[in-house]
Amino acid sequence: MSTKAFKQEKIEAMKENFAKAKVAVVTEYRGLSVEEITRLRRALQKENSDYMVTKNTLAKVAAKGTDFEVLADVLKGPVAIAFGFADEVAPAKVLTKFIKEAKKGQIIAAALDGKLLDAKETQVLANLPSKEELYAKMLGSINSPATGIVGAVNAVMSGLVRAMDQVAKQKSA
């Protein structure tokens with residue numbers, strides 16, 4: 001396969017990822033072994049994400065005309081891009097956990113909704129709860145008042161039944 005065809009193939013693969021992705025997180029992978037990168041890829045794939053090590057020039061060409069074009073300025077040195085397809089938070093969470101455990105690599109930046117997030121902002125993104133957690137909290141908030149009402153009505157009914165039982169006992173005695 002010629003070099004030009006190989007590069008074009010890589011660009012097309014990245015264009016597909018940029019088109020499908022909700023978020024892209026740029027990381028420095030210096031110091032990571034192939035085994036560690038493979039382990040990171042597997043962890044990201046479980047979260048419906050992908051991790052690509054690529055040439056910066058190819059990534060810049062692939063990102064052109066997308067919301068992820070803002071990443072062009074941070075694509076310097078040995079970097080890889082994690083794409084999140086289902087959840088905006090999941091790739092940042094997985095990467096943060098992996099970097100903390102491996103004590104290697106670092107998050108450089110992320111792109112979300114056409115905006116460039118620096119490393120600190122990406123860390124804030126990683127600390128956000130997942131969609132499932134937010135749904136559970138929201139449903140809990142909605143369910144809480146209803147549960148309180150049911151408890152209050154039940155307490156009134158129980159009190160009424162106990163009072164009627166006491167009156168019945170007094171009358172029969």
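Predicted model: local features only at pLDDT ≥ 70, side-chain atom pairs only at ≥ 80, totals over all residues.
A pocket here is an open set of grid points with protein on both sides within 12 Å along at least five of seven lines, and its lining residues have an atom within 4 Å of a point. I'm noting that first, as I'm starting with a pocket.

**Entry 1: the pocket.** I looked up the largest pocket and got about 190 Å³ of space. Which residues line the largest pocket? I found R39, A43, E47, K93, V94, K97, F98 and E101. Then I checked where they come from: α2 (34-46) and α4 (90-102) each supply at least two residues of the lining. The largest share is from α4, with five residues.

**Entry 2: E36.** Next I went to E36, which sits in helix α2. Is E36 buried or exposed? It's buried, because its relative accessible area is 12%, and buried means under 20%. Leaving out residues up to four places away in sequence, E36 touches G31, F98, A102 and K104.

**Entry 3: the cores.** The largest nonpolar core has 22 residues, and V25, L40, L44, Y51, A82, L95 and L125 touch the most other members. Two or more residues each come from β1 (23-28), α2, β3 (79-84), α4, β4 (106-112) and α5 (119-127). Helix α4 gives the most to this core, six residues. I noted another core apart from this one, of 21 residues, including A59, A63, F68 and L71.

Back to V25: with residues up to four places away in sequence not counted, its contacts include A80, I81, A82, P91, L95 and I107. A reminder to myself: in soluble globular proteins, nonpolar side chains tend to be buried together.

Key
Residues numbered from 1 in each chain as written. Heavy atoms only, no water. 1 Å grid on protein atoms, 1.4 Å probe; cavity = no way out; pocket = protein on both sides within 12 Å on 5 of 7 lines; lining within 4 Å. Points joined across faces, edges and corners; volume = space filled by probe spheres on them. Helix = DSSP H or I, 4+ residues; strand = E, 2+ residues; numbered from the N terminus. Buried < 20%, exposed > 50% of the residue type's maximum accessible area, 1.4 Å probe, protein only. Contact = heavy atoms within 4.5 Å. Core = buried A, V, L, I, M, F, W, Y, C linked by side-chain atoms within 4.5 Å.
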